Amino acid sequence: MANYKLKINNHDHEIEVDSDTPLLWVLRDHIGLVGTKYSCGISQCGACTVHMNDEAVRSCTLPVSAVGDNRITTIEGLSEKGDHPVQLAWDEVDVAQCGYCQAGQIMSASALLKKNAKPTEEEIETAMNGNICRCGTYHRIKEAVALASSKINRS
Amino acid sequence: MTKVLKTSRRDFLKIAVTTGGGLFLGFHLSSCESETMVVLTDQEVLKGALNFNSYLSVSPDGHVVIFSPNPELGQNIKTSFPMIVAEELDADWSKVRVVQANLETDKFDRQVTGGSGAMPHSWERLRKAGATARHMLVEAAAKRWEVPIASLSTADGEVIHKESGRKLSYGELANEAAKIEVPTEVKLKERKDFKIIGSPVKNVDNQAMFTGKPLFGLDFYREGMLNAMIQRPPFGMKLKSVVSDEAKGIAGIVDIVTFNNNVAVVGKSTWPIIKARKLLRIEYEPDGEVESSADHDRLFTVLMDGKEAQVMRQDGNVGEAFKNAAKVVTGEYQCPFLSHSPMEPMNFFAHVREDGVELVGPTQTPERARTETAELLGISPEKITLELTRLGGGFGRRLRADFVVEAVELSKMMKAPVKVTWTREDDITGGAYRPAVRYRFQAALDAEGNMVGYKLRGVGMNAGNCTRQDNFPSGAVDNLLIESVEHKSSITTNAWRAPITNFLAFAEQSFLDEVAEVAGKDPVAFRLDLLDKAKKNPVGEIHYDIDRMKGVIQLAAEKSNWGKKEGLSQGFSVYFSHRSYVAQVAEVRMTQGSPVLEKIYAATDCGIVVNPTGADQQVRGGMVDGMGHAMFSNMTFKNGVPEQKNFDSYRLIRMKEIPAIETHFVDNGIDPTGLGEPALPPTGGAIANAIFKATGKRLRNQPFVEQEELKAFQMGERM
């Protein structure tokens with residue numbers, strides 16, 4: 001057990017866990033941020049995607065000891081009022097079916113748009129290919145990323 | 001508490017049932033009214049709300065609470081059911097709050113998600129629930145104004161007296177209306193008057209999902225709750241011994257217990273449990289047949305050629321027909337076991353107390369979960385409550401209650417509230433699979449190329465009847481024999497989205513293509529000719545609507561410009577299953593010598609389309625699901641142990657692998673049927689038929705990417 005100070009969604013958290021505890025379980029079990037989802041545990045599906053600084057990372061295989069001073073953003077902290085352009089686009093396109101993977105999809109999409117505000121279709125597919133949607137909402141995810149891109153570039 | 005502001009139709013108030021404490025979160029995202037996050041308890045949502053019937057309450061402030069009784073797993077029932085109630089109520093949709101009902105069998109029938117059956121079951125009930133309440137509100141207004149009921153109309157949550165220009169909101173009338181006798185007969189709306197049904201309404205849980213609210217079973221938390229994971233035995237094995245001292249030494253582990261050949265690790269949080277599991281030393285011993293995939297292949301051959309089979313349907317005389325045939329076409333098709341692998345792994349919360357049991361979590365069959373719990377504990381079902389969370393997918397896996405019963409067992413043993421969580425590995429290796437099946441088709445053609453004889457034998461691993469004997473082309477062929485054989489395997493199976501038809505449709509529609517090819521006929525014309533024959537001279541009973549099937553065939557052919565596209569190879573497929581009709585056309589283009597799947601068209605007849613955005617999603621999602629599993633997914637076994645354990649080896653379809661999809665719906669005004677399943681079955685056949693057209697290679701086995709027929713090609717992302 002060791003003590004870790006984490007910066008999550010602009011708040012400081014102090015927790016006592018084993019150094020190999022993945023960030024995912026720190027978020028879910030210790031901090032109560034359950035928007036970040038568990039699905040595969042081996043970085044294959046993207047349901048657990050969060051931002052470390054502004055990069056999309058898979059929290060299910062990121063040990064808490066590797067987080068350090070880096071800023072972590074989860075779906076709960078993506079925007080204060082749920083009005084990030086990606087969240088708005090997801091609602092407008094009505095993307096979700098079961099919805100379980102969508103927080104991870106939104107975090108991957110928002111990290112992409114942060115780096116590349118005008119991605120091509122191919123760039124969208126490459127950035128989103130690591131996120132599995134078992135319900136098959138891929139068409140709408142693509143559409144929503146493109147819409148979010150246009151919202152960002154308009155504002 | 002923030003006041004709920006006026007919302008537009010697009011930004012209607014969303015309500016989400018959270019787990020834990022029964023909170024309702026209601027908020028909307030209208031950019032100009034961004035200070036509207038409200039958090040309401042269930043008591044507050046229902047405060048002063050007057051109950052009109054099981055489905056709806058009206059608050060004096062004008063809000064309408066509509067309860068959605070069926071488990072929501074992505075089929076969008078939590079939006080489409082309330083739309084139907086709101087339509088007949090003439091409610092203002094922006095003032096509708098949707099609440100997931102818990103298991104309440106005294107209020108609701110059939111709280112089940114499965115078989116695409118909810119919509120046909122509840123359509124009339126939901127309409128009547130809305131219409132009855134509307135009638136009571138109108139009668140209350142008539143009394144207050146002392147005017148005849150016939151002089152009143154309703155719109156957007158108000159009763160209107162046109163003559164005098166007076167209006168009263170439903171909220172204002174709720175108190176008086178709730179006291180009015182419930183009418184036994186009410187008039188339902190004409191379809192032309194629908195305002196909500198048929199218009200695209202967004203998912204009522206969008207905001208909660210997109211901001212990470214605790215909606216799902218895995219998100220449930222209760223103070224003092226223990227977490228548990230379970231190591232279950234391989235298929236055909238039982239627990240011999242377990243050494244758990246080392247595992248118990250991990251900080252945070254509360255106990256390690258065994259029950260029913262399972263070893264459960266119970267702890268305070270998840271990660272120590274995952275670590276401790278790896279330290280368990282468990283020995284198993286055989287407890288029945290320990291099977292491998294090679295055994296299944298051998299069994300398929302033996303049983304396919306065996307004498308024993310259950311005759312499911314027999315028309316005419318197939319012996320004669322095949323003896324006199326000008327040509328005989330034969331094709332054998334095989335599919336593997338498949339895991340359901342919903343994105344949210346199995347989980348459930350149980351708290352077994354002295355005075356009763358509390359269950360919370362994601363299940364497609366809450367009543368079954370309660371029954372099995374009652375049986376296990378030997379208590380009456382009335383002592384058990386079950387709160388439904390949102391389900392992170394189901395695909396049939398959550399029709400079983402095994403994971404619920406596990407939580408109950410452990411809560412009883414630990415004398416504490418327990419949440420059982422399956423890892424992805426537990427899920428993929430844990431059984432309840434789509435059964436592996438092999439089909440052998442034979443068709444007898446006369447000299448003119450007419451199909452005069454048809455034989456199908458299916459052999460399934462724990463598949464029950466693996467045929468659907470009354471499916472097309474039954475009824476259109478004079479001499480027909482359908483047989484089914486089942487092997488009782490130690491590998492467990494369960495309904496998997498579009499049970500049986502998820503592969504049978506591929507096999508049937510591919511084989512019909514083979515027959516059309518040999519007969520020298522166009523695949524669409526061949527099917528239409530058979531349907532015309534069934535209409536004119538039906539053979540035996542016909543269990544599908546010939547005109548509706550023709551309708552989707554013609555619509556798909558028209559929209560895809562069938563047979564008239566240069567440079568594209570088109571493949572056709574049509575299927576009636578789970579009460580709806582879907583025809584599909586897949587298009588493959590040879591690119592640098594290899595087939596690339598570019599697009600699939602779907603024409604669907606599910607009667608009235610309640611929610612166009614939801615319907616498009618269901619068809620699209622079903623097709624992506626059908627495509628992904630036909631192309632990529634495979635479960636194999638060695639000595640009872642699955643060889644695929646997670647998404648690195650068990651392959652699911654990804655974004656880069658999907659072609660364009662175009663969906664169309666037949667507009668015929670018939671009462672609606674379900675859409676969770678019907679679009680999946682035809683997809684594999686349409687793709688395989690297009691690939692045959694493009695390459696001359698006939699795919700008969702799944703998954704496609706592992707078949708010899710495609711080895712010669714460079715397989716890009718889209719095939």
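Reader: Between which two strands of chain B does Pro473(B) lie?

Author: Pro473(B) is in a loop between two strands, where strands (E, at least two residues) and helices (H or I, at least four) are DSSP runs numbered from the N terminus. The strands on either side of this loop in chain B are β23 (451–461) and β24 (479–487).

Reader: What kind of model is this, and how are its residues and chains labelled?

Author: Residues are numbered from 1 along each chain as its sequence is written, while chains are lettered from A and ligands numbered from 1 in the order in which they are written. Local features need pLDDT of at least 70, side-chain atom pairs count only at pLDDT 80 or more, and totals for chains, interfaces and linings use all residues, for this is a predicted model.

Reader: What is the omega of the peptide bond between Phe472(B) and Pro473(B)?

Author: Most peptide bonds are trans. The bond that joins Phe472(B) and Pro473(B), however, is cis, and its omega is about 15°.

Reader: Which strands of chain B stand at the edges of the open sheet of four strands?

Author: The strand order in this sheet of chain B is β4-β5-β6-β7, with mixed pairing, and two strands pair if DSSP finds at least two bridges between them. Each edge strand has a single partner, so one of its sides is left without a neighbour in the sheet. These edge strands of chain B are β4 (50–53) and β7 (96–100).

Reader: At what angle does helix α2 of chain B run to β6(B)?

Author: Helix α2 (residues 77–89) of chain B lies across β5, β6 and β7 of chain B. Angles run from 0 to 180 degrees between N-to-C directions, and axes are lines fitted to C-alpha atoms, for helices over the stretch in contact; two residues are in contact if their C-beta atoms, placed from the backbone, lie within 7 Å. On that scale, the angle between α2(B) and β6(B) is about 135°.

Reader: What is the handedness of the crossing of α2(B) and α3(B)?

Author: The axes of α2(B) and helix α3 (residues 118–145) of chain B come within 6 Å, crossing at roughly 35°. A crossing is left-handed if the near helix is turned anticlockwise from the far one by less than a right angle, and right-handed if clockwise. The crossing of these helices, α2(B) and α3(B), is right-handed.

Reader: How many residues of chain B are in contact with chain A?

Author: On the chain A side, α1 (23–31), α2, α3, α4 and α5 each supply at least two residues. Of the residues that chain A brings, 23 are nonpolar, 17 polar and 10 charged, where Ala, Val, Leu, Ile, Met, Phe, Trp, Tyr, Cys and Pro count as nonpolar, Asp, Glu, Lys and Arg as charged, and the others, Gly among them, as polar. Chain A contributes 50 residues to this contact, and the number from chain B is 50.

Reader: Is Asn53(A) buried or exposed?

Author: Asn53(A) lies in the loop between β3 (49–52) and β4 (55–58) of chain A, and its phi is near 55°, a positive value in a residue other than glycine. A residue is buried if 20 or more other C-beta atoms, placed from the backbone, lie within 10 Å of its own, exposed if 12 or fewer, and partly exposed in between. Because 12 other C-beta atoms lie within 10 Å, Asn53(A) is exposed.
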